[in-house]
Each structure stands twice: as structure tokens, then as C-alpha cells.
Amino acid sequence: MAAGGSYGAALTDLGERLVGDVITPGDADYDEARKIFNTMIDRRPAAIAQCETAPDVAHAIRFSRDHDLPLAVRGGGHSVAGMSLVDGGLVIDLRRMDAVTVDPGARTATVGGGAIMSGLDRATQPYGLATTGGRVSTTGVGGFVLGGGAGFLDRAFGLACDNLLSVDLVTAQGDQLHVDEKEHPELFWALHGGGGNFGVATAFTLRLHPLTTMTAMLLLWRPEAGPAVARAYRDFFESAPGQVGGGLLYLTGPPEEFVPDDMVDTLVCAVLLTYTGHEERARAITAPLLRLGHDAEMITELPYADLQCMLDDPPGYRNYWSAEYLDSFPDQAVDRFCARASDMVVPSPSQHVLFPQGAAVTEGPSDYPLPWRGAAWIVHPFGLWDDPADDARVRQWAHDTRADVRPWSRGAVYLNFIGREGRDRVIEGFGAENYHRLAGVKALYDPDNVFRLNHNIEPRIEPRPAGR
């Protein structure tokens with residue numbers, strides 16, 4: 001570590017206290033260490049603490065407080081708003097804390113706070129077990145789970161947080177807590193959707209489910225078929241079993257052998273169907289969609305961990321995402337959604353997505369601060385592009401897509417799917433009553449709002465009664 005700035009001696013002392021390392025702007029690996037997924041974000045922290053243990057995290061938190069430095073926490077680095085990076089502050093980098101231990105008998109996995117999704121999926125796969133993960137293999141497990149956690153398995157196994165059994169957490173005071181249904185139960189409730197507002201999660205224990213194989217079906221159409229395909233897709237999922245997931249999406253036609261040349265690098269309409277079982281049964285269940293007459297297809301059995309990588313959004317791009325959660329998706333909404341796909345940047349890795357909910361998502365615990373759980377559909381404009389000249393265009397596409405479908409919106413949103421969209425949207429993400437309760441938990445564990453670089457919950461300090 002090359003100590004720098006006005007904190008040189010103190011940073012040297014912090015580095016000596018950590019098992020891990022402290023990186024500052026003078027170090028050769030500084031730029032690589034501060035790189036995150038969204039290339040629109042270019043921030044220069046005063047230091048990056050590459051923590052390897054929970055005591056490392058506690059030391060780093062105390063250091064940031066002692067020196068009045070803003071604090072960011074990095075797991076996978078996938079926050080679209082770049083919340084895992086801060087100018088002039090301290091970043092707690094958890095990536096070295098990425099171990100995954102599987103107990104096949106108990107059907108649980110203990111996951112380090114810096115693990116990414118592929119690490120979890122690859123560790124559980126040899127045992128024929130899995131749990132709901134994000135739809136991108138490089139997503140950080142921590143932010144994903146604490147935010148709720150929606151993915152290809154959620155209709156079968158519930159949201160990721162529905163499978164959360166315990167959390168090891170370092171608080172704003174540097175205390176190390178084990179949190180579960182019996183120990184700190186109100187905090188445990190808050191960690192089911194409340195994100196990183198309450199401390200740094202250094203480990204999770206997650207419930208696993210038997211899963212030996214998946215079937216993936218990617219069906220492609222030319223874009224003019226989109227409205228008819230979307231209606232058929234909507235009608236299919238009104239009664240589809242929970243073992244079926246996936247999404248309807250407009251995307252750039254990939255340069256794969258199964259894709260006709262005239263569909264490559266142009267806008268196409270796609271249906272991705274996932275099934276927690278073998279291809280024969282998957283074909284039987286999804287027959288109404290297979291009979292629509294698609295222009296290209298890829299159908300295969302594969303391990304879940306491989307499915308997770310199939311539609312990875314690549315690093316190195318500018319990013320802007322948003323979402324609207326719908327209670328219904330009538331024909332008018334279908335037409336608006338499909339028409340707006342033409343505003344997406346093509347060619348690019350962008351996706352104009354409709355995800356189904358229902359099944360185990362809807363049937364999961366109703367008490368958690370996730371008011372979007374009961375929505376039937378998710379509209380998710382997911383922008384990735386190269387050219388800064390397209391920045392305004394992508395933002396407008398996302399905003400217009402949301403506005404188009406807002407008449408059918410639940411008025412709640414999964415905060416992992418959006419960037420900084422204002423305090424009202426944060427409250428919509430939790431629900432007003434939940435937000436009030438979460439603010440009370442925040443006041444107990446982080447009254448000074450140390451953990452504020454997130455979809456922030458402001459601590460609620462109750463006024464003292466008169467005369468006391």
C-alpha cells in the first residue's frame with residue numbers, strides 16, 4: 001500500500017490491522033480495484049479496504065467513522081447507480097470473502113459476503129442442489145439476497161430472501177452479530193428486502209432445493225411478430241406451473257449458428273423458457289408456445305449454473321435500468337410494450353424485458369418488506385450500450401417504457417432493478433408502512449446513517465415524550 005492524502009499515517013495503521021490490504025490512489029492496482037460493472041461510474045475513493053475477515057470489516061467501519069469518511073460497500077459491484085463506489089471515501093471491498101460451503105444433508109449453503117452468483121451455483125451443483133439466484137452469474141450474492149432476490153428459479157423456490165436462514169452482520173458500531181429468526185428477529189425481518197442499510201453482511205446461510213438439471217428454450221421471432229407472441233406468452237403464464245420461468249424480451253439477434261443471418265445484429269423478439277427438469281416434460285408443458293411458429297430456436301438440457309451464464313450481460317458497458325411492476329398486462333399494455341422496443345439501442349447488449357411472477361413468489365411470506373411480491377408482471381428496460389452519445393436516448397427509452405405501462409402498475413418496485421430515482425421510489429420499493437418500520441430498525445442499528453450509499457432508509461428517531 002502506498003499511503004496518500006491527509007490520511008497517510010492512519011491508513012498505514014489500518015493496513016497493519018487488517019488481514020487483507022488497503023489500496024490507495026498511489027498503488028499500481030488502484031484503478032483495477034475501483035472498477036465496477038457500470039462504466040458510466042468513475043469515482044475515486046480515498047482508500048479501498050480489501051477485507052478478508054469480519055474483524056477486517058469492523059476495523060474499516062471504525063476507521064471511516066473516526067475520520068468522517070463516507071463509506072461504500074462492494075460485493076459484486078453490480079449496482080447500476082454505482083453505490084459500491086464513493087469519491088473521497090472508503091470502500092469496504094468484500095470480494096476476498098467469497099467462500100461457499102455446502103451442507104448437502106441439511107440442504108444449506110454458507111456464503112461469504114463477497115461471493116458472486118457463479119461461485120454459489122458452481123458450489124451447489126455437484127450435490128444436485130440450488131437456490132434462487134440472479135439472472136446474471138457475476139451478480140453479488142449479498143446485494144441480491146438482501147434486496148429480495150428475483151431470478152429464474154423464483155417461481156419454483158421463492159425469492160432469494162425467502163430462502164435466507166441467517167446473516168452474519170457487522171454493524172455501524174463495528175459489532176459482529178449473528179442474525180436469524182431467534183437472534184435479533186426484527187433486524188432479520190429488515191434484511192429480507194431492506195438491502196445494505198443495516199450493516200455489512202459478511203456471511204449468509206441459504207436454504208437449497210433439489211435440482212439436477214434444467215431445460216432452457218430460447219425461441220426467436222422477427223419483431224413484427226412480437227405483439228402476437230406477447231399475448232400468447234401472457235396467456236400461457238396465467239396457468240403455467242411454478243417449475244416454468246423465463247422472460248419475453250426484445251434483444252439484438254446474437255451471432256449464433258441457430259440464428260438466421262438476416263436476424264443477426266437486428267432487433268428480434270425472443271421467449272426464454274426455463275424448466276426445472278428434463279426436456280421432454282418441458283416440451284410438453286410449453287407446447288402452446290412451441291406451436292407459434294418461431295423463426296429460430298435453441299433448446300437444451302443443461303446444469304442450472306450454465307443456464308445462469310447463458311444471457312449474462314457483459315461488463316465494460318454503460319448501464320441504465322428501470323422497472324415497473326404490473327398487476328395485469330392487457331392487450332393495450334402489450335401493444336405499448338412491444339412498440340417501445342424500437343427505441344432500444346440496436347445492436348447492443350440491451351434488453352427490453354417482460355418477466356412473469358406468480359407461483360412461489362406470490363405464495364411466499366407476506367410479512368417481508370416486499371410490496372412488489374404480488375405483482376403478476378415485471379416490465380424491465382435494461383440498457384447497456386457503448387457510446388456516450390446514446391446516454392439521453394437510453395434514459396428516455398427507459399422512462400417512456402415505464403410511462404407506457406404505468407396505468408397497470410402496482411406502484412411498487414424491486415429496488416435492485418433501478419438506480420437512483422428519488423426518495424418516493426425508495427418508499428415505493430418497501431411500501432410506506434414497511435418503510436416506517438424499517439426506519440425504526442435503522443435507528444437501532446445505524447442511527448447516524450453510516451450506511452447511506454444505497455436505496456437509503458433514513459433512521460427514525462422517536463421524539464421523547466414531554467417532561468422526560
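Mentor: Helices (H or I, at least four residues) and strands (E, at least two) are DSSP runs, numbered from the N terminus. Before going on: this is a predicted model, where local features need pLDDT of at least 70 and side-chain atom pairs count only at pLDDT 80 or more, while totals for chains, interfaces and linings use all residues. Residues are numbered from 1 along each chain as its sequence is written, and side-chain values use heavy atoms, with hydrogens and water left out.

Trainee: Let's do sheets. In what order do the four strands of the open sheet run?

Mentor: Strands of a sheet pair through backbone hydrogen bonds, either parallel or antiparallel. Here two strands pair if DSSP finds at least two bridges between them. The order of the four is 1-2-4-3, with mixed pairing. Strand 1 (21–23) and strand 3 (71–74) are at the edges with a single partner strand each, so one side of each has no neighbour in the sheet. From one strand to the next, the twist averages 20°.

Trainee: How many bridges join strand 1 and strand 2?

Mentor: Three, and that pairing with strand 2 (residues 47–50) is antiparallel. You can check one on screen: V22 has A49 in strand 2 as its bridge partner.

Trainee: Which helix lies across strand 2, strand 3 and strand 4?

Mentor: That's helix 3 (residues 54–66), running at about 170° to strand 4 (90–93). For such angles, axes are lines fitted to C-alpha atoms, for helices over the stretch in contact, and the values run from 0 to 180 degrees between N-to-C directions.

Trainee: Where is G174, and what does G174 touch?

Mentor: Look in the loop between strand 8 and strand 9 (176–179). G174 is buried, with a relative accessible area of 4%. Leaving out residues up to four places away in sequence, G174 touches A58 and R62. Its C-alpha is 12 Å from that of F451, 277 residues away along the chain.

Trainee: Now pockets. What lines the largest pocket?

Mentor: On a 1 Å grid over the protein atoms alone, a pocket is an open set of points with protein on both sides within 12 Å along at least five of seven lines, whereas a cavity is a set where a 1.4 Å probe fits but cannot get out; lining residues have an atom within 4 Å of a point. Grid points are joined across faces, edges and corners, and a volume is the space filled by probe spheres set on the points. The largest pocket holds about 380 Å³ of space. Its lining has 19 residues, with L251, P254, E256, M310 and L311 nearest the centre. Strand 13 (244–252) and strand 15 (296–302) are the elements giving two or more residues to that lining.

Trainee: How many nonpolar, polar and charged residues are in that lining?

Mentor: The lining has 11 nonpolar, five polar and three charged residues. Ala, Val, Leu, Ile, Met, Phe, Trp, Tyr, Cys and Pro count as nonpolar, Asp, Glu, Lys and Arg as charged, and the others, Gly among them, as polar. For the second largest pocket, the lining divides into four nonpolar, eight polar and six charged.

Terms used:
Contact means heavy atoms within 4.5 Å. Buried means under 20% relative accessible area, exposed over 50%, partly exposed in between (1.4 Å probe, protein chains only).
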